[in-house]
Amino acid sequence: MKIAVFLPNWIGDAVMATPALRAIRHEFSAAEIVSIQRPYVADVLEGLTLVDRSISWKSGESLTSQLQFLRQLRSEHFDLAVLFPNSFRSASLAFLAGIPRRVGINRDYRRWLLTDSLPAGDRRTPHPAIDEYLKIAAHVLGQDHSNSPAAKLSRSMELAVTEQDRHRWNSFWSKQSAEFKSRPLICLNPGGAFGAAKHWPTAHFAALAQQIATELRRSVLVVCGPAEKEEAIQIVEQAAHPFVTSLAGEQLHLGLTKAAIQQAELLVTTDSGPRHFAAPFQVPAVTLFGPTHQMWSETFYDHSLPVQLDLDCGPCQQRVCPLGHHRCMKELGAEQVFQAVMSLLDQQQRTAA
């Protein structure tokens with residue numbers, strides 16, 4: 001048997017899909033499982049054994065390139081397509097590739113493209129993406145998915161750090177001072193590919209970093225991708241503390257971010273992709289929520305502490321603040337987040353004792 005698994009387009013969602021992937025891998029241990037995804041998503045699963053190989057595709061390519069990609073999919077002769085994205089495009093690709101069985105959620109007018117069309121949840125009612133992926137997996141496994149699929153399938157997420165990732169991390173770590181390396185490490189993640197509304201102000205991150213380094217005597221590392229590189233540099237400059245640094249000077253790679261977070265005592269993060277790196281590595285995380293409802297990305301991780309202001313205008317689920325004031329993030333002060341950091345650290349110390 002040959003299975004094509006179309007992965008979500010967001011980094012965090014790809015991590016949240018790993019429990020469903022694991023269930024499929026376990027049930028079809030003899031099958032060849034091939035993931036279909038955007039190139040940057042492939043790096044998320046690097047080092048895991050949930051799929052046998054991957055095929056990446058890019059959006060916005062020429063018609064010729066798209067036809068070549070479709071021909072490649074057809075030549076694979078897949079028996080089953082598992083569609084985690086709710087997009088019309090993923091369903092149409094599986095249909096045009098001639099995959100005889102196509103399982104996915106009935107959304108975006110694509111029911112006629114699916115052989116197994118699962119009922120969609122009410123978009124007006126926030127519900128965890130991780131459970132939606134598990135619902136798809138439960139159907140593929142022949143299980144009843146009318147109730148919560150998590151009752152039968154584990155929500156535990158998976159990630160791996162490869163040898164190359166460790167080499168990237170060791171290269172960065174070797175450049176740090178002995179005193180920096182002697183302190184516990186706290187990572188800050190200012191990312192937010194969803195849109196500007198998820199961003200916490202740079203000045204707030206800088207104030208928090210300085211307070212953590214000074215009062216908690218921790219080393220602080222700002223992780224970043226190419227899109228956050230300049231912000232990471234500004235956070236370090238504004239914090240102006242010898243024990244606050246960033247990955248901005250390194251050759252940036254998702255694997256380096258994974259390796260950094262794996263080494264951390266705690267992660268402070270916006271509601272963005274790398275936030276989901278904490279749970280698989282059992283790293284406590286303080287997550288800053290602004291425009292997004294917490295339930296959409298709920299992962300039921302015990303060592304996580306969400307921080308969100310209670311405002312009349314939110315959570316609005318908009319990429320850019322529709323009212324222009326962005327109060328949900330601007331009014332979330334560094335001191336409030338610092339208190340959350342101390343609370344979670346204290347909780348971890350009590351648990352360890």
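Reader: Which strands does β10 pair with here, and how many bridges join β10 and β11?
Author: Strand β10, residues 266–270, pairs in the parallel sense with strand β11, residues 285–288, over four bridges; two strands pair if DSSP finds at least two bridges between them, and strands (E, at least two residues) and helices (H or I, at least four) are DSSP runs numbered from the N terminus. This is a predicted model in which local features need pLDDT of at least 70 and side-chain atom pairs count only at pLDDT 80 or more, while totals for chains, interfaces and linings use all residues. Residues are numbered from 1 along each chain as its sequence is written, and side-chain values use heavy atoms, with hydrogens and water left out.

Reader: What is the bridge partner of Thr270?
Author: Thr270 has Leu288, in β11, as its bridge partner.

Reader: And which helix packs on the sheet touching β11?
Author: Helix α13, residues 334–352, packs there, touching β7 (185–189), β10, β11 and β12, where contact means heavy atoms within 4.5 Å. The direction of α13 makes about 155° with that of β11; axes are lines fitted to C-alpha atoms, for helices over the stretch in contact, and angles run from 0 to 180 degrees between N-to-C directions.

Reader: What is the strand order in the sheet?
Author: The open sheet has six strands in the order β9-β8-β7-β10-β11-β12, with parallel pairing, and its edge strands, β9 (244–246) and β12 (304–307), each pair on one side only.

Reader: Switching topic, where is Gln238 found?
Author: Gln238 is found in helix α10, and it counts as partly exposed because its relative accessibility is 43%, between the limits for buried (under 20% relative accessible area) and exposed (over 50%), with a 1.4 Å probe and protein chains only.
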